[in-house]
Amino acid sequence: MNLTRDEIIEAVNSALVKEMEIDPADLAPEKTFFDDLGLDSLDMVDLMIGLQRKFGISLRENEEIKQVRTLGDVYDFFEKNQAMLTAQAEAAKAAAKAAAEPENKQ
Amino acid sequence: MNGLKRVVITGSGIYSALGSTPGELFDSLAANKSAVVRGGRDENFLPTAPAPRDPERFRALPRTLRRAMAPSACFTAMAGLSAMQDCGLTQDELTALHAGCAVGSTMGSVSTLREGYALVLSGQSDRLSPMHFFKSASHTTAFNLARTLGLNGAIYSPCSACASGLQSMGLGAALISAGQETVIFCGGADETGSEVSGSFALMYAHAPAEGDPTESPRPFSANRKGLVCGEGAAVFCLEEYGHAVRRGAKIYGEIIGYSSNSGGNGLSQSDAPAIARCMADTCASAGIDPSDIDYISAHATSTLQGDAAEAAAIREIFGANIPVSSLKGHLGHTLGASGPLEMAAVFEMARHGVLIPTRNLAEIDPACSGIDHVTGLREKRLDIFFKNSFAFGGINASLICKLNV
């Protein structure tokens with residue numbers, strides 16, 4: 001994951017338009033997910049799963065993402081953490097690959 | 001019925017491969033249309049009878065409802081909305097009545113189960129949506145109907161495969177008859193897929209992949225080779241008679257008899273004596289003689305053993321003078337939806353005074369003979385009709401409806 005802020009905004013917004021059927025005109029950084037955009041906690045989980053897939057990262061163990069309240073919070077989160085999230089994803093991939101390889105028998 | 005209250009049907013809604021309203025369905029049936037195509041919902045090119053899974057049509061359901069719905073629940077919700085509109089009760093009135101529902105299906109949603117297992121088995125469990133469970137739960141059709149219609153009463157979901165819909169009707173009728181419900185929406189729904197048709201094929205109970213798909217299935221036919229799986233939904237508004245009359249509701253008919261039993265030891269094969277006992281008990285529950293029946297809407301799916309067993313039971317209980325036909329030659333076997341969906345067609349037959357014949361029945365199997373098969377459109381005034389649904393596990397369900405109430 002190595003995106004500009006604009007690319008992050010585009011990716012997040014397109015997920016909201018496509019998956020949550022939100023009118024693009026209603027999207028602005030200050031909008032809150034629950035009160036302004038009408039999403040609930042189940043929608044937020046679905047949104048995050050979609051963004052995980054889109055960005056090739058995992059958010060499962062991330063506590064900070066659970067604190068987001070506005071669209072701007074999400075943009076900021078991904079912009080600030082993309083290096084860390086990418087590193088985590090690569091480490092997880094390597095660990096999974098190692099676990100899948102048979103032991104070397106002497 | 002054996003209870004204190006009378007049970008009538010005051011609303012009807014369907015979602016099917018041959019029409020979105022009972023009228024459209026009847027017109028398709030009368031025109032001898034077949035819903036069967038090669039492949040469709042089966043990846044191995046077995047014939048199936050798919051219902052439209054059109055995302056644009058389903059957008060009539062708000063996203064907040066639709067997000068928890070697989071096709072089976074979408075079918076149910078669309079049928080349920082039609083039934084609610086048809087019965088004339090508003091959501092506020094249904095809320096005040098604490099109206100509930102009883103809707104079943106074979107296994108919730110085969111398509112969603114498959115999507116989920118594909119992710120889990122490929123190590124991508126973290127991509128499962130929280131909606132996965134809601135879409136695939138065995139009672140998804142029932143609670144999604146309740147959410148769609150704003151029902152705040154009891155929710156039941158008899159899941160008994162091909163008898164799900166008729167058992168839901170019977171349950172709803174029993175609850176009203178016993179004074180526990182005033183209004184309850186009842187019906188069945190199902191979607192099909194390769195897992196379903198493939199299972200029947202493994203049992204040598206499925207129509208072949210070769211040849212003209214519309215020549216299958218062939219209920220009661222001498223050269224029948226098995227069933228075709230279909231999909232769809234039907235929902236009825238069942239209502240206590242007095243309540244319906246006081247509010248001036250349109251009444252389709254009265255459920256005067258219902259019974260369900262099993263063979264006691266069966267897995268996949270129909271048990272003729274048990275079917276006969278079920279049909280006799282249903283007549284007894286209605287307080288009528290079998291000769292009072294004007295038409296039998298058979299279950300007959302085009303399996304060798306099942307059709308013969310049902311025909312033998314009909315011969316024994318009803319003899320050769322009651323007209324019988326199966327609609328599965330047109331619609332395929334819509335599984336959990338079949339009982340109510342075919343009932344919706346019978347109400348239209350009554351309205352038009354015309355019986356729909358069994359499609360593809362050119363030569364009657366001698367094992368299915370000795371009953372009055374309807375083989376062409378037949379003018380007939382109906383007052384009392386009989387409906388059968390049978391399911392794996394040896395489950396039998398029968399229902400009697402009187403039209404002139």
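A crossing of two helices counts as right-handed if the near helix is turned clockwise from the far one by less than a right angle. Keep that in mind for the first stop, and remember that this whole model is predicted.

Start in chain A: select helix α1 (residues 5-20) and helix α3 (residues 71-100). The crossing of α1(A) and α3(A) is right-handed. Now show side chains: A:R5, A:I8, A:I9 and A:V12 on α1(A) meet A:V74, A:Y75, A:F78 and A:E79 on α3(A). By class, that contact has 6 nonpolar and 2 charged residues, with no polar ones.

Next, colour by chain and look at where A touches B: 9 residues of chain A are in contact with 6 of chain B. The chain A side splits into 3 nonpolar, 2 polar and 4 charged residues.

Then move to the sheet in chain B. It's open and mixed, with 11 strands running β5-β4-β6-β8-β1-β9-β16-β15-β10-β11-β13. Pick out β5 (155-156) and β13 (372-373): these are the edges, and each has a single partner strand, so one side of each has no neighbour in the sheet. Zoom in on β10 (residues 295-297) and β11 (residues 323-325) of chain B, which pair parallel over 2 bridges. B:S297 has B:S325 as its bridge partner there.

Helix α9 (residues 164-177) lies across several strands, including β5, β9 and β16, and runs at about 170° to β6(B).

Conventions. Residues are numbered from 1 along each chain as its sequence is written. Chains are lettered from A and ligands numbered from 1 in the order in which they are written. This is a predicted model: local features need pLDDT of at least 70, side-chain atom pairs count only at pLDDT 80 or more; totals for chains, interfaces and linings use all residues. Axes are lines fitted to C-alpha atoms, for helices over the stretch in contact, and angles run from 0 to 180 degrees between N-to-C directions. Helices (H or I, at least four residues) and strands (E, at least two) are DSSP runs, numbered from the N terminus. Two residues are in contact if their C-beta atoms, placed from the backbone, lie within 7 Å. Ala, Val, Leu, Ile, Met, Phe, Trp, Tyr, Cys and Pro count as nonpolar, Asp, Glu, Lys and Arg as charged, and the others, Gly among them, as polar. Two strands pair if DSSP finds at least two bridges between them.
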